[in-house]
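User: I have a model open and want to go through how its chains meet. Can you help me read it?

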Amino acid sequence: MLKQEINELLTRTGPGTEMGDLFRQYWIPAMLAEELPEPGSPPVRVKLLSERLIAFRDSAGNYGLIDEFCAHRGVSLWFGNNELDSGQAPGLRCAYHGWKYDTTGQCIEVPSEPDNSTFCRKVKLTSYPLVKVGDILWTYMGDPDKQPALPEYEFCTVPSEQSYTSKRWQECNWLQALEGGIDSSHVSWLHNAGLKNDPLFKGSRGNEYNLNDMRPFFEVVESDGGLLVGVRRNAEEGHYYWRITPWVMPAFTMVPPRADHPVHGHFWVPIDDENCWVFTFDYLPVRALTEAELAAMKAGHGVHNEYEPGGTYRPLQNRDNDYMMDRDAQRRGETFSGIKGIAMQDASLQESMGPIVDRSKERLVSADSGIIKARRKLVAAAVELREKGITPPGVDPVHHRVRSVAAVLPQDASFVEACREDLVATPGVRQTTV
Amino acid sequence: MLKQEINELLTRTGPGTEMGDLFRQYWIPAMLAEELPEPGSPPVRVKLLSERLIAFRDSAGNYGLIDEFCAHRGVSLWFGNNELDSGQAPGLRCAYHGWKYDTTGQCIEVPSEPDNSTFCRKVKLTSYPLVKVGDILWTYMGDPDKQPALPEYEFCTVPSEQSYTSKRWQECNWLQALEGGIDSSHVSWLHNAGLKNDPLFKGSRGNEYNLNDMRPFFEVVESDGGLLVGVRRNAEEGHYYWRITPWVMPAFTMVPPRADHPVHGHFWVPIDDENCWVFTFDYLPVRALTEAELAAMKAGHGVHNEYEPGGTYRPLQNRDNDYMMDRDAQRRGETFSGIKGIAMQDASLQESMGPIVDRSKERLVSADSGIIKARRKLVAAAVELREKGITPPGVDPVHHRVRSVAAVLPQDASFVEACREDLVATPGVRQTTV
Amino acid sequence: MLKQEINELLTRTGPGTEMGDLFRQYWIPAMLAEELPEPGSPPVRVKLLSERLIAFRDSAGNYGLIDEFCAHRGVSLWFGNNELDSGQAPGLRCAYHGWKYDTTGQCIEVPSEPDNSTFCRKVKLTSYPLVKVGDILWTYMGDPDKQPALPEYEFCTVPSEQSYTSKRWQECNWLQALEGGIDSSHVSWLHNAGLKNDPLFKGSRGNEYNLNDMRPFFEVVESDGGLLVGVRRNAEEGHYYWRITPWVMPAFTMVPPRADHPVHGHFWVPIDDENCWVFTFDYLPVRALTEAELAAMKAGHGVHNEYEPGGTYRPLQNRDNDYMMDRDAQRRGETFSGIKGIAMQDASLQESMGPIVDRSKERLVSADSGIIKARRKLVAAAVELREKGITPPGVDPVHHRVRSVAAVLPQDASFVEACREDLVATPGVRQTTV
């Protein structure tokens, strides 16, 4: 149960809000690199942290993320002409009167002004850096003087054939989406069918532990960048099966691995207060993804999903069609909630809570200790940032080099001690998995 | 003309409002029994008096109407698993973490808690009784200690082969819908074609009086449960044709009978302040409905209607398609408003007033005296309930045992005196009709 | 850059607002005459200046524009029966209880009232005159005692075979639409392809000047009814190419002519604060439109557009389909913004600014001097009307008799002096064009 004012603090991320300021300390995923595939690609509308922006890649290949609206009279630059190599400086030209901007938002031409005019130098749109790391274009929307080093999450630093990323539009506040990534106690219920059938989940010994012990024990430990959420289930005599989920502030979570399957994870990014982008990755530290694995991901298996036509990244299963609920499949036990696919099982329930769930009504239990601690850390970091200017955890790229772990340990072992090395992303070293 | 504050009082029925408190004194129709056809049926989302609820029927056949959202983290229980006979206590299990509720809203299992935990006993969702009487599942959303005896409206207490009930979603406030049921002066205009052509209306001598005298005289009389709205038209020399519409508070009205046709009526139930359910019934006190009559009702004749596909109970003719207005049919005089069907003739006009009509602008006339008196009774009852705790008319099931009447009486007869017995629902006695 | 309070003043036109009062001084286009083609035509819903109205043409051929809602209980008169010749007084009869209104909004029958009742004489709906001039039905929504003489714009006073008018629904505030009509500097950019390809634009020598000089010089001059916006581009040695756009207050603009093409223009009429009607005309002072020209207009060429099915006058290209943006056509230079058609090129950009553009963020340049002066004149007129009751420019029909002009003039000529006669609409005299 949360006071309404704390819920507001945690869920509002527009300019000037506490949580908005916190998000603006970090590099966050803005879009998939595939959305701007080549120099001169069409500009793309991007909304992040309640700001409406345009992303484009000029004819020289530079990436830019700038205010969506022309400084002149407010027309959307989405209609703009991303000029192909014309012998002139590259840039995006507004469709109305031809004002031209470079990728930093600097206006570089106002055609109606005289040749010797310096007017355009004084016109600069809000802009943020847009940098490709892995399959993602990342942005940093904070004070330029405090721009941190680039992200070093393992999924986006391994060789590209070892990693795959998708994104989906989720129609609810970012926090209730993130909380699903921290809360692994729902897996045994909501995703029980996926553990048995999904090509990217099935066939792990760990799944048996998962399905046989419906009463996991949670142990949540502080880490430099956020938390380690350890979940313990009974295993063979004298042993526990541990699943360890790292949360790196503010919005990065990983699913513990299963057998030799690729490792999954998410980045939960606010679009505005009632929508978020879920960036979803699969990667392996030491081998390329197989064609079968890639095909499964692209078909919406694992933690990925299918899409509505039209390039909006909205799932094919969505609130307008009740997520294609199949009551008969639910009856027959093929899915627990009647919803197909692990990703949409999560998304459907999280959206069903409403655009921003009222946390003053919730009843948390011990299995929610990861969620409880994550909220506290977010609030504390936001307050310390605002009051003392303290840089929050998760900004330093060292904090990014984490891994999720699945391991069977002796009952008397501390998961933090026993897995200390396994929890660090080390190039060339295989993930620790069961 | 009504003061805006009185209009607010009459039209707002959410928790804590005056009219909301009044509605919470009564058993009201929540849904059709066909929506929960058998034990273990899929749960159904139900919104009533601005409260979002889930109706379900557990594997043992018990009906329940509980808060839509799980007490844990607020997920919709619509995705829940209504467990089939599993050897365990029946109940609805949330799809997220498996919390299980019985039909009283009591949480009976929190799987992540220890075996000996008493936690779940402390978790109970808001719940209301859900009871089948006739073809309807009724609920009572008020103080459990004041729960009245079950409804005894004749349409839901006659043998089932004598009665048929449908419902439709109407996109306006409940009161302007109810007022259409009290106001029988519009029949000669809006429904004039229906009197001639509708298989469930045509062929009554009364229709001739209806169509020949466009200036009916209203006499509205208090009854124990609400009002008797008497409408007098000229008949043969020295006689009047009387149509008597009982209104039982808060939301029950009946159409006076025609010849041997089934008798129609409605229950007007607030979904929220801008939508209502119209429960529509046809019944006969002394004989079974014929197959032809049932077929006509199911085809949308009489006061029933056709539906959009998808099980939403939204009419096929609706505001998105301008109710399939047929100007040519209007021109040719086949319908007065261009809208097909008596039910949709009413619904289209009532929705055209806007979500909540502004009654400060209306100009009422003597033919509106039923409406005027009904509003006064509603206001008085709401105020007396709030200030003195007085139980309003219509709660006592004795008040439900009313009938509508159509009769030709001598000009000097009092309709109340002449029809005193006809106006009471007496088992085995035929309706009084012309 | 405009103060927010001035932006509010300029953009709000509902009853009681300053700009609303200003608009209510003028005859404005309410609808196309084709919408009420004959006596007894179906009534049409019309929203103007945020007022919801019904237009109808009674069986005697009289036009009326009255409150949409019946005075009785607020039902929409759109469902009403526009009675064909019945031997009775013509009128529109409400579908609910048969109240009947004439074209002045006067209630002429309340059927439920006694024969000798005078009640209906006291019931009169708000109503405005509706008068056909040219292809348009015009209304005047102000004080009846101040009703000015009828419009005398040339496009609606020439013989009907010389003129064609269409309308489209535009989903933004009227002012940002009008500003597009005053601002001719965007033509060289946004409409560059249209100048070359559109059958109603191409083949004018003026287009070459337009495309060769991207830095036009603006000279804006006061006129009796509003402004003359002169735009000068380089022409042959010692000469300038002038395009002169008259703006007649509050909302009339004309496009300067091209060769022998019909002359285009617009009337920008507020529906409410976030929508407007764009009335679009093409006419010639001295010859009939050819069949080819008419066919091109009806096909959506020139400043006209194609429509969604259903008679809503909503463009086929609209925000729901991203205006059918064709990035490949944009790449190939076939259109500058990727949008097909001059009308939709304007509409798409103007809608992209948002429902009401935030003018506190704009950066105007010298090419916007027409826009700047027009806003000032609107504000001044609204203030003088409110404070001193001064009738604004553009009310007197003499102000309507303007023409746009395209001319090549010696560099030292004043366009106002040189074109004084060309700028006046003179029957039988050809437009001045290049």
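This is a predicted model: local features need pLDDT of at least 70, side-chain atom pairs count only at pLDDT 80 or more; totals for chains, interfaces and linings use all residues.

User: Which helices of chain A are on the side that touches chain B?

Analyst: Helix H3 (174-182), helix H4 (187-190), helix H8 (327-331) and helix H9 (342-352) of chain A each supply at least two residues of that side. The largest share, 5 residues, comes from H9(A).

User: And by class, what is on that side of chain A?

Analyst: The side of chain A that touches chain B has 14 nonpolar, 10 polar and 11 charged residues.

User: How many salt bridges cross between chain A and chain B?

Analyst: The rule finds 4 salt bridges across that interface. One of them joins Asp115(B) and Arg215(A), with the closest N and O atoms 3.0 Å apart.

User: What about the area buried between chain A and chain B?

Analyst: About 2800 Å² is buried between the two chains, and carbon and sulfur atoms give 54% of that area. In residues, 35 of chain A are in contact with 32 of chain B.

User: New topic. What rotation superposes chain A on chain C?

Analyst: A rotation of 120° with 0.1 Å of shift along its axis does it, at an RMSD of 0.1 Å. That is the relation of a three-fold axis.

User: Which C-alpha in chain A is nearest that axis?

Analyst: That of Asp320(A), 9.5 Å from the axis.

User: And what takes chain A onto chain B?

Analyst: A rotation of 120° with 0.0 Å of shift along its axis, with an RMSD of 0.1 Å.

Definitions and conventions:
Residues are numbered from 1 along each chain as its sequence is written. Chains are lettered from A and ligands numbered from 1 in the order in which they are written. Side-chain values use heavy atoms; hydrogens and water are left out. Copies are superposed by least squares on the C-alpha atoms of residues with pLDDT of at least 70 in both. Contact means heavy atoms within 4.5 Å. Buried area is the accessible area (1.4 Å probe) that two parts lose on being put together, summed over both. A salt bridge is a side-chain nitrogen of Lys or Arg within 4 Å of a carboxyl oxygen of Asp or Glu. Helices (H or I, at least four residues) and strands (E, at least two) are DSSP runs, numbered from the N terminus. Ala, Val, Leu, Ile, Met, Phe, Trp, Tyr, Cys and Pro count as nonpolar, Asp, Glu, Lys and Arg as charged, and the others, Gly among them, as polar.
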